[in-house]
Protein chains: 2
Amino acid sequence: MPPATTAARYGSRPTMKDVAARAGVGLKTVSRVVNGETGVTAETESRVRAAIEALGFRRNDSARILRKGRTASIGLVLEDLADPFYSPLSRAVEEVARANGSLLFAGSSAEVPEREQELALALCARRVDGLVIVPASDDHRYLEPEIAAGIATVFVDRPASRIDADAVLTDNAGGAREAVAHLIAHGHRRIGFIGDRPHIHTADERLRGYREAMAAHGLAVRGDWVSMGATAPERVRAELDRMASGPDPVTALFAGNNRVTVTAVRVLAERERSVRPLALVGFDDFELADLLRPGVTVIAQDPARLGRTAAELLFRRLDGAAESPRRLELPGRLIVRGSGEFSPHD
Amino acid sequence: MPPATTAARYGSRPTMKDVAARAGVGLKTVSRVVNGETGVTAETESRVRAAIEALGFRRNDSARILRKGRTASIGLVLEDLADPFYSPLSRAVEEVARANGSLLFAGSSAEVPEREQELALALCARRVDGLVIVPASDDHRYLEPEIAAGIATVFVDRPASRIDADAVLTDNAGGAREAVAHLIAHGHRRIGFIGDRPHIHTADERLRGYREAMAAHGLAVRGDWVSMGATAPERVRAELDRMASGPDPVTALFAGNNRVTVTAVRVLAERERSVRPLALVGFDDFELADLLRPGVTVIAQDPARLGRTAAELLFRRLDGAAESPRRLELPGRLIVRGSGEFSPHD
């Protein structure tokens, strides 16, 4: 509709002028009160607030923001908006932002480095005060001018590359060691690992933990027991079928993340009746894992705590905390539910 | 670090000047090519592109955006970043945005009307070209100045209130009628409904469908068979326990959304052994619903299609499609898996 019409419709709305007239003060005084600026006596301020109350005046945030150039806000760059792992993480970051009077703008890199950079710089250009980043890039020097310009930046889930920055991570290698040791403790010697693409920090760390646990128990790792790549169901299904068949099949699988685990659960549910059950431990917990039969044994991360910790660190930086960049590692937690407790002979 | 240091570190990076020198053209010409502006011959453009390629020049997006004031972008206002229903919807919107050369910025209202307005206006102030909104507010007149100023707006999952705007919805009442008719067809007469808070469009529509289906089969609805409110597990658990006990318990439950269904599945899994199974049909599908025992019968929405349809409509508007606001309704789909097929006598 043409602005004229809009203006007409809005003619009835109280304006700052109306507030000024009712309070018997100047327009600038109303603006000072509305924008929380100084230079207004308590008595005058209360008169203005009374007038705002009485008239039901609501400042036009959009106009105000355009004038002031910004509202308090932070940006969140995720890897994938649709991965349920990031949902509680995002909400936790948003809750901390809200508690600090900031809005959160989120977007995802879809695991494309250029996309991460484009999104992070676009958020900076829109004057966010800080960024929480789940990185896809392996070179974050593009952020140095922004950081130098005062944009606080905290990495979460994966660390920054080629710059020194705050990071809040899960102890991925430690969690993976615990998962594989659990399977070994139940008698397994031929244990497969299906993980996300190599060079993704979390995927590499979990592979490292798998290898370390096998080595610590004097077990060799056959090349065809390890498969790193996209977590698309078709690939995971094919790799699991391959590892679980042949003359010398694996008797247990360590699934590298929740996407892999969910597909593995489907594949095993289909096999179940015909053959001896394969033991399964997954990295990342997921909704309803406890209601499946068998329940799915996992190494649970705490994505909400990752997000909350990262956002709180970001706001401490914005409040001027100046100590050098920190790396916080949160432990994973083994949750035993049944799928990881089959012996090779069950 | 001080900008000086940064400048030094970046001293080695190729600049537009380097590109201009190598291509033997002026700086303005390079800028035209880099920013996709007109007024450059194909021959000159290819020389500039060759120089950019050879030098590995990358424009500083941040600086460019600050200069130009914007990149192409759209905003998405969700109800809850952590509700898995919105994950595929968000990703679909982002994929359409990407296909149209736009970035997506998302945030959530946490179902607070003021929060929705604050977020939507803050996105407008940051010069998004358009908004896709899952509304929490019941008065969207605050958007009229933005719409008049040319911001395209499409509502999804729930319609706009008090303004005439594009909306892409699921046929909630129709899906609810189908769910309840399915339970009636399996012999149920005492059917409970637990839904989200009243005045949420989807909750009200699903309640309407429930009542219409009961009425269509000549079945009275007892007041204590209907419970609308927060979908917190504690409330859902208490209400389901109440409906399923007493002298005249319900024999079936229609769950108003995925949050309610997941809690109902937990409660029923705990009862199962002791008492006769309660039939359950849920609105919204959810991951692994098919792997539970019994599988969960649902009315599936297609959140990815909702998001894709809304975003495509938004970009058609941005391309100048001027017909009057449209309301598109996508059908729900009954998926039979076992939980909804118990008779009252099983």
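A polar contact here is a pair of N or O atoms within 3.5 Å; within protein, one must be able to donate a hydrogen and the other to accept it, and residues adjacent in sequence count only if both atoms are side-chain atoms. Keep that in mind as we walk through this predicted model, where local features need pLDDT of at least 70, side-chain atom pairs count only at pLDDT 80 or more, and totals for chains, interfaces and linings use all residues. Residues are numbered from 1 along each chain as its sequence is written, chains are lettered from A in the order in which they are written, and side-chain values use heavy atoms, leaving out hydrogens and water.

Let's start with chain A. It splits into domain 1 (6-59), domain 2 (73-170 + 304-330) and domain 3 (172-301), with bounds from an automatic or database domain assignment.

Now look at where domains 2 and 3 of chain A meet. Their centres, taken over C-alpha atoms, lie 30 Å apart. Each of the two gives 10 residues to the contact, meaning heavy atoms within 4.5 Å. Together they bury about 860 Å², with 52% of that on carbon and sulfur atoms; buried area is the accessible area (1.4 Å probe) that two parts lose on being put together, summed over both. On the domain 2 side, F85(A), R158(A) and T170(A) lose the most area, together 48% of what that side buries.

What holds for polar links across this boundary? There are 3 residue pairs in polar contact, both residues at pLDDT 80 or more, and 0 salt bridges (a side-chain nitrogen of Lys or Arg within 4 Å of a carboxyl oxygen of Asp or Glu).
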